[in-house]
Amino acid sequence: MQFELKDLRLFLSITQTGSLTGASQELHLSLPATSVRVKALEEQAGMPLLIREARGVRLTPPGEAFLFHARAMLQQAQQLEADLQEYGA
């Protein structure tokens with residue numbers, strides 16, 4: 001599996017806002033684009049990560065695991081960027 005950092009950021013935003021709409025607005029994406037990206041993430045994972053409800057979304061058990069690792073990967077990416085910036089100074 002290969003995930004793009006922007007998709008991990010999107011997933012994190014969805015969990016923080018509790019909705020696809022909220023994440024779309026936060027990241028300046030259209031709702032259809034957000035939906036397509038989430039569907040692609042779920043297809044790549046091979047299972048549903050979110051349960052869509054009338055008033056937002058909630059995580060499935062695999063979604064909880066995905067969120068844990070997505071956060072870790074985003075933190076590592078931020079650390080890498082910070083470490084490399086030291087060389088540019």
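Student: How many aromatic pairs does a search of the whole structure find?

Tutor: The search finds 2. Rings of Phe, Tyr and Trp (its six-membered ring) pair if their centres lie within 6.5 Å; planes under 30 degrees apart are stacked, over 60 edge-to-face, and the rest tilted. This is a predicted model: local features need pLDDT of at least 70, side-chain atom pairs count only at pLDDT 80 or more, and totals for chains, interfaces and linings use all residues. Residues are numbered from 1 along each chain as its sequence is written, and side-chain values use heavy atoms, with hydrogens and water left out.

Student: Why is the pair of F3 and F66 edge-to-face?

Tutor: Their planes sit at 85 degrees, with the ring centres 5.1 Å apart, so the pair is edge-to-face. F3 lies in the segment before helix 1 and F66 in helix 4, 63 residues apart. Helices here are DSSP runs (H or I, at least four residues), as are strands (E, at least two), numbered from the N terminus.

Student: What about F11 and F66?

Tutor: Also edge-to-face, at 4.9 Å centre to centre and 75 degrees between the planes. Ring pairs link F3, F11 and F66 into a cluster.

Student: Is F66 buried or exposed?

Tutor: Buried, with a relative accessible area of 11%. Buried means under 20%, exposed over 50%, partly exposed in between (1.4 Å probe, protein chains only).

Student: New topic. Which residues touch L20, beyond four places away in sequence?

Tutor: I14, L31, T34, V38, L50 and V57. Contact means heavy atoms within 4.5 Å.
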